[in-house]
Amino acid sequence: MNGYTVTLYSSGDSLPPMPAGSFFHSPELFHIIEKTPGHRPFMAVVSRLDGKVAAHMMAVFRRTRWALFGKAQIYGEGDYESDEPSAPLFGMMLETLTHCFRSRLCLVAEISGLSRKMFAYRQFRQCGYFPIRWQEVSNSLHSVPPGERLTAKTLRNIRQGKAMGVTCREARSREEVRAFHRLLARYYRTKWRRYIPSEAVIAALWDNAHIRIFLTFYKERLIGGSLCAYDRGDAWLAFMASRRKTYRRLHPDTLTVWHAIHWAWRHNYAHIKFTDVGLPYHGNPVRRFILGFGGKPVARYRWFRIFFPWVSRLVGWFYRE
């Protein structure tokens, strides 16, 4: 676009002053990721000719120590000078970041958390990305108390778990955060596409004011936990794990999610969002479980690019609508 330039930053020391915006695209999170082994943050910044920042968007590239290829991830469409995201400015940043991913032997790039399903559809296609419909659930917390939205089954499970002695609270020490990370790793061990941050990332996030880690206990045994992010008046349940098979009668998964919802409501957040409910097929058990807390399902696009063109075309064709 005429009148704008894009600059890519890979070092936190060189970032220009940027207006306050989303935590997910902030210099604050950039510095956290920058200190994490195996992770590399990149910030695409669009500036006007007078040097004023018009938009910026952060991406995270990660690669394990012995892997040849890595994966890139962007959450949301970035921050903009105006309140409304601009698809043309987004396209400029996306093109710059995509070239960066290609030069770093990226296998897959994924963009999720977009505010609108059709946002920047043309720009995504021009950069070689394909969409997959993804299920999200949003619970409203500002109109009625969340307890009034629970299904009868969910309410019964909450009462049963509490009656049997299950308790929930925030993590209080680095050792508890370490135990939570071990629980996450075990819980997602068989879920091949789910990314679990390293213990160093979890510990760094726990020290941040935008993050809370909640733990669920039974007789001082950790049986569940969640990591929630808070930004711009809303809450996001980013990671959740429980020992639901071992402690089935205690319903640790239900108590863990309910505590995160109730905490957000008590602290006056407008919504709590579940952004990774999975593919929106009818028999999705995760979708059915989350909807038991009274949220509304929303199908949005997640955009992917596989940096082997024929594979990307094949997968895009398979998930076409």
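Residues are numbered from 1 along each chain as its sequence is written, and side-chain values use heavy atoms, with hydrogens and water left out. Because the model is predicted, local features need pLDDT of at least 70 and side-chain atom pairs count only at pLDDT 80 or more, while totals for chains, interfaces and linings use all residues.

The chain has nine helices and 13 strands; helices (H or I, at least four residues) and strands (E, at least two) are DSSP runs numbered from the N terminus. With 321 residues, a compact globule would have a radius of gyration near 20 Å, and the value of 20 Å for the chain agrees with this. The radius is taken over C-alpha atoms, and the globule rule is 2.2 Å times the number of residues to the power 0.38. Along the principal axes, the C-alpha atoms fill a box of roughly 65 × 45 × 45 Å. Of the 321 residues, 49% count as buried (buried means under 20% relative accessible area, exposed over 50%, partly exposed in between, with a 1.4 Å probe and protein chains only). Among contacts with a separation of 6 or more, 71% join residues 24 or more positions apart, a contact being heavy atoms within 4.5 Å.

In soluble globular proteins, nonpolar side chains tend to be buried together. A nonpolar core is here a set of buried Ala, Val, Leu, Ile, Met, Phe, Trp, Tyr and Cys residues joined through side-chain atoms within 4.5 Å. The largest nonpolar core has 62 residues, of which M43, I213, L227, I261 and F274 touch the most other members. Helix α7 (residues 252-266) gives the most to this core, with seven residues. Apart from it lies another core, of 31 residues, among them Y80, M92, Y129 and F307. Beyond its neighbours within four places in sequence, L227 contacts F180, I202, L205, I211, R212, I213, W236, L237, A238 and F239.

Rolling a probe the size of a water molecule over the atoms shows where empty space is left. On a 1 Å grid over the protein atoms alone, a cavity is a set of points where a 1.4 Å probe fits but cannot get out, and a pocket is an open set with protein on both sides within 12 Å along at least five of seven lines; lining residues have an atom within 4 Å of a point. Grid points are joined across faces, edges and corners, and a volume is the space filled by probe spheres set on the points.

One cavity of 30 Å³ or more is present. The largest cavity has a volume of about 750 Å³, and of the 31 residues that line it, F24, Q73, Y75, Y195 and F239 are the closest to its centre. At least two lining residues come from each of α1 (27-34), β3 (53-62), β4 (70-75), β6 (106-112), α6 (199-206), β10 (221-231), β11 and β12. This lining has 19 nonpolar, five polar and seven charged residues; Ala, Val, Leu, Ile, Met, Phe, Trp, Tyr, Cys and Pro count as nonpolar, Asp, Glu, Lys and Arg as charged, and the others, Gly among them, as polar.

The second largest pocket has a volume of about 770 Å³. Its lining is made up of 33 residues, with E77, G113, S115, R232 and W236 nearest its centre. Two or more of these residues come from each of β5 (79-80), β7 (130-140), β11 (234-242), β12 (271-278) and β13 (296-306). By class, the lining of the second largest pocket comprises 10 nonpolar, 12 polar and 11 charged residues.

Several single residues were also examined. S112 lies in strand β6 and is buried, with a relative accessible area of 3%. Leaving aside neighbours within four places in sequence, S112 is in contact with Q73, I74, Y75, G76 and R302. A152, in helix α4 (residues 152-163), is exposed at 60% relative accessible area. K35 is found in the loop between α1 and β2 (39-48) and is exposed, with a value of 71%. The C-alpha atoms of K35 and A204 are 9.1 Å apart in space, although these residues are 169 apart in sequence.

Most residues other than glycine have a negative phi. K219, in the loop between β9 (211-218) and β10, has a positive phi near 50 degrees and is exposed, with a relative accessible area of 64%. H251, in the loop between β11 and α7, has a positive phi near 55 degrees, but H251 is buried, with a relative accessible area of 16%.
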